[in-house]
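Here is a short report for a reader who is new to this structure. It moves from a pair of helices to the sheets, and then to a single loop residue.

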Amino acid sequence: MDNTLVLLPYLKGEKSIRQPEAILAEAVSLTKAIDLNVLHSAVVPMREIKAGTYLGKGTIDSYRDFIKENEVAVVILSCHLSPLQQRNLEKEWNTKVIDKTALILEIFGQRARTREGVLQVELAHLTYARSRLVRSWTHLERQRGGSGFLGGPGETQIELDRRLIDEDIVKIKKELTEVKKTRELHRKARRRVPFPIVALVGYTNAGKSTLFNKLTQADVFAKDMLFATLDPTMRQIKLPSGQIAILSDTVGFVSDLPTELVMAFRATLEEVLEADVIVHVRDYFHPDTKAQKKDVEAVLSDLGLKEKVDCELIEALNKIDMFEPDDRQMICNQKKWKDKEWPISAVTGEGIKELLFCIEETLNKDRQLYKLMIPIEDGKTLARLYQKGQIVRRTDNEKTITLFVKLKPEDVSLFQAFIIKKGKKNG
């Protein structure tokens, strides 16, 4: 593994609800996610950002010997560098320097699984590289090929000019258009037998994939690693009443994510845009949990989902198993019955049952209660009723099945012939 130095430039006096140490820890986790050996990490206080090098001369000089003596192959700055700043730092330290954007792109490149995910990463990668073609690398003897930023520039990257990159960008955009058409066909197929969609969102490493696995008994890649999931994963789940829903796991959000990288995992956010219920999985044990919550809600609002954030978002306060018993009990006493906030542990299963009831109740909040009688041999109608409605009570008789079911207004006409009584609205 390449030896790596991770630095967090931090402006003195800058107001932030995040602690610099927590931001640095996140940067180190991002670095380890692509199997780099972090020799040292540090917060670098600064009075101002230098136009040419971002860091001040004193900081640059203080790390020069460390980089040389420890054969540091990559220096990662958890900030956004201009091409000029990156080039100058590489000259100063005679080694590879990358910023937060390039680091996350590298992770995306390793994590992408679906065709759309791969194409979106390639597009973001090319767009980023295009702005940096002018720089002159300080270690051209390292001809290590590879499409990633960490594989060294290689001959291919150096020889690419803007015209070739532009051609590639046009080609990828055409492929993306075709892939999106296919995804739209899949969505239309789902709408013909429309199950409600429940989307899991949250800060990266909050435990979404672990919760997804717990709820669906699936084997989705879940690890204590940032950006463990990059592509949308969808599975059926059965809610407490027997109602079927589609559960969607998405990529984790991260603070200060550049626009071009938001587009790189747009595929995972499409399911969120169509979701009937959004479950925000929070790492409630994390010291920056409140700041992470704000980051996630800000991105959702940018996607045009502010109304859902304000009114329909369910919060799953995950990792309560990490707290001491007394603290965990206090959290559960405070939060257990608070509207749409549920303390859970995706690992132990604590609180999962209550969370499912909350999801079901939110899905069915606009439904009306009806009493229906269906011939016992009419299995097709019965199956459709379970798909569309929330079964409150069922009684099987010799020739008929009597059900109390909550239905959405648009679905009532499908079962009009079987309705014998209208009940109160779900409240």
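Helix α2 (residues 57-69) and helix α3 (residues 83-93) have axes that come within 9 Å and cross at roughly 55°. The model is a predicted one.

Which residues make the contact between α2 and α3? From α2 come Ile60, Tyr63, Arg64 and Ile67. From α3 come Leu89, Glu92 and Trp93. Five residues of this contact are nonpolar, two are charged and none is polar.

## The chain as a whole

The protein chain has 15 helices and 14 strands. Its length is 427 residues, and 52% of them count as buried. The chain exposes about 20700 Å². Carbon and sulfur atoms supply 50% of that area.

Contacts can also be sorted by separation in sequence. Take the contacts between residues at least 6 apart in sequence: 69% of them join residues at least 24 apart.

## An open sheet and its helices

Four strands form an open sheet in the order β2-β1-β3-β4, and the pairing is parallel. Its edge strands are β2 (37-46) and β4 (96-99), each of which pairs on one side only. From one strand to the next, the twist averages 20°.

Strand β3 (residues 74-77) pairs with β4 in the parallel sense, over four bridges. Within that pairing, Leu77 has Asp99 in β4 as its bridge partner.

Helices lie across these strands. Helix α1 (residues 20-32) lies across β1 (3-11), β2 and β3. The direction of α1 is at about 150° to β1. Helix α4 (residues 100-111) lies across β3 and β4. The direction of α4 is at about 85° to β4.

## A covered strand

Now turn to strand β5 (residues 197-201). How many of the residues of β5 are buried? Five of its five residues are, and the strand is mostly covered. Both faces of β5 are covered. On one side, Ile197, Ala199 and Val201 are buried.

One link is between Val198 and its bridge partner in β7, Leu247. Strand β5 also pairs with strand β8 (residues 277-283), in the parallel sense and over four bridges. There, Leu200 has Val279 in β8 as its bridge partner.

| Strand pair | Sense | Bridges |
|---|---|---|
| β3 and β4 | parallel | four bridges |
| β5 and β8 | parallel | four bridges |

## A residue in a loop

Gln243 sits in the loop between β6 (233-238) and β7. Is Gln243 buried or exposed? Gln243 has a relative accessible area of 1%, so it is buried. The cut-off for that label is under 20% relative accessible area.

What is Gln243 in contact with, leaving aside its neighbours within four places in sequence? Its contacts include Pro196, Ile237 and Lys238. Glu360, Asn364 and Arg367 are also in contact with Gln243. Tyr386, Gly389 and Gln390 complete the list.

Conventions. Residues are numbered from 1 along each chain as its sequence is written. This is a predicted model: local features need pLDDT of at least 70, side-chain atom pairs count only at pLDDT 80 or more; totals for chains, interfaces and linings use all residues. Side-chain values use heavy atoms; hydrogens and water are left out. Axes are lines fitted to C-alpha atoms, for helices over the stretch in contact, and angles run from 0 to 180 degrees between N-to-C directions. Helices (H or I, at least four residues) and strands (E, at least two) are DSSP runs, numbered from the N terminus. Contact means heavy atoms within 4.5 Å. Ala, Val, Leu, Ile, Met, Phe, Trp, Tyr, Cys and Pro count as nonpolar, Asp, Glu, Lys and Arg as charged, and the others, Gly among them, as polar. Buried means under 20% relative accessible area, exposed over 50%, partly exposed in between (1.4 Å probe, protein chains only). Two strands pair if DSSP finds at least two bridges between them. Accessible areas come from the Shrake-Rupley method with a 1.4 Å probe; for residues, only the protein chains shown count as cover.
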